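This report describes how the parts of one protein chain are arranged. Please look over the sequence and the structure before reading on.

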Amino acid sequence: MPEGPEIRRAAQAVHRGIAGKPLRMTLAHPVLAPMERALRGAIVEAVSARSKAMLTRFSTGDVLYSHNQLYGEWVVDRPDEPLRSRAIRLVLETTSKRAVLYSATDFAWLRHGDEDAHPYIAKLGPEVLDDATTVRDIAARLAQFPRRRIAEALLDQQVLAGLGNYLRSEIAFAAKLNPWRRLGELGEAERHRLAKTVHDITRRSFRTEGVCVPTALYRAQRQQGANFEAARFFVFDRDQRPCRECGATIERATLGGRKLFVCVACQDVFPLPDELRH
Ligand SMILES: [Zn+2]
């Protein structure tokens, strides 16, 4: 599933492609279609991300809430390109750009100003990728959930909005913290380090289209022949491969129903939790 950085980049691409321009609109999904008449002649004023949802605000004050879940995908291309053979939910088309939402099923129509009352949005924690969210804000939020394990808290959109499964493994590794530890067990310096890593790695991934390791390390690996997927992570999807920092073997576990990757040496994962015993 796409995580916060991917959704935010999609929102930015749709916004740059079609916002502020006259539109031809096709609303194909049954939840969307009844609005087609009311939106005739309207333009899109802004497209933004809230955690893994997207908000498309029209000049009428109507806001389309959409959540891609596992299958939905926004594609921005040119109006003369062939459409993909997937379920088309909506098409927003200017003279030069076209934004198409494929396969999503979770939609709602909101009014501008009422977005925060939507049940999904109402429950979200602070948006990690918002410019206004500081390391201090993130540390303060983490301190409110002392009983949660690090790896559980980093997946929970109600704790912090915009993280996901690859980010939680990468963040715990880069912060050199055992992801099974509870937030309440962290000292102040450790909590600050975790918060700073949450802030920095998520922004780095947004800027670099998904690269979590530092640029120099990424480039060095690409020069040695590694492809994008093999080069972009510290530990995620690197089960049984050597840690980039200490050479120990990266281990894979399941936590909260999702895969989690750790270097037990760098992250001081002792004693080994049940999920890691072979
Ligand atoms: Zn290591």
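This is a predicted model: local features need pLDDT of at least 70, side-chain atom pairs count only at pLDDT 80 or more; totals for chains, interfaces and linings use all residues.

## Two domains

The domain assignment of the protein chain gives two parts: domain 1 covers 4-122, and domain 2 covers 135-276. Between the C-alpha centres of domain 1 and domain 2 the distance is 31 Å.

Domain 1 brings six residues to the contact, and domain 2 brings 10 residues. On the side of domain 1 that touches domain 2, H1 gives the most, with four residues. By class, that side of domain 1 is made up of one nonpolar, two polar and three charged residues.

## The sheet S2-S3-S4-S8

An open sheet is formed by four strands in the order S2-S3-S4-S8, and the pairing is antiparallel. Strand S2 (44-50) and S8 are the edge strands, and each of them pairs on one side only. From one strand to the next, the twist averages 20°.

The pairs can be followed in the order of the sheet. S2 and S3 run antiparallel and are joined by six bridges; here Val47 stands opposite Thr56 in S3. Strand S3 (residues 53-58) pairs with strand S4 (residues 62-67) over five bridges, again in the antiparallel sense. Ala53 has His67 in S4 as its bridge partner. S3 and S4 form a hairpin with three residues between the strands, and in this hairpin Gly61 takes a positive phi near 90°.

Another open sheet has four strands in the order S1-S6-S7-S5, with antiparallel pairing. Why is one side of strand S1 (24-27) and of strand S5 (73-77) left without a neighbour in the sheet? Both stand at the edges and each has a single partner strand, so one side of each has no neighbour there. Averaged over the sheet and with direction ignored, neighbouring strands are turned by 15° against each other.

S5 and strand S7 (residues 98-102) are an antiparallel pair with five bridges. In S7, the residue opposite Trp74 is Leu101.

In general, strands of a sheet pair through backbone hydrogen bonds, and the pairing is either parallel or antiparallel.

## Helix H1 against helix H6

Helix H1 (residues 4-18) packs with helix H6 (residues 188-208) at an angle of about 40°, and their axes are 9 Å apart. H1 and H6 are therefore oblique to each other. Their crossing is right-handed.

Which residues make the contact of H1 and H6? From H1 these are Gly4, Pro5, Arg8 and Arg9, and from H6 they are Thr202, Ser205 and Phe206. Sorted by class, the contact of H1 with H6 has two nonpolar, three polar and two charged residues.

## Helix H3 against helix H6

H6 also crosses helix H3 (residues 135-143): the axes of H3 and H6 come within 8 Å and cross at roughly 120°. H3 and H6 are therefore oblique to each other. The crossing of H3 and H6 is right-handed.

On the H3 side of this contact are Val135, Ile138, Ala139, Leu142 and Ala143. They meet Arg191, His192, Leu194, Ala195, Lys196, Val198 and His199 in H6. The residues of the contact of H3 with H6 divide into eight nonpolar, two polar and two charged.

Note on methods: Residues are numbered from 1 along each chain as its sequence is written. Axes are lines fitted to C-alpha atoms, for helices over the stretch in contact, and angles run from 0 to 180 degrees between N-to-C directions. Helices (H or I, at least four residues) and strands (E, at least two) are DSSP runs, numbered from the N terminus. Angles under 35 degrees count as roughly parallel, over 145 as roughly antiparallel, 65 to 115 as roughly perpendicular and the rest as oblique. A crossing is left-handed if the near helix is turned anticlockwise from the far one by less than a right angle, and right-handed if clockwise. Two residues are in contact if their C-beta atoms, placed from the backbone, lie within 7 Å. Ala, Val, Leu, Ile, Met, Phe, Trp, Tyr, Cys and Pro count as nonpolar, Asp, Glu, Lys and Arg as charged, and the others, Gly among them, as polar. Two strands pair if DSSP finds at least two bridges between them. Domain bounds come from an automatic or database domain assignment.
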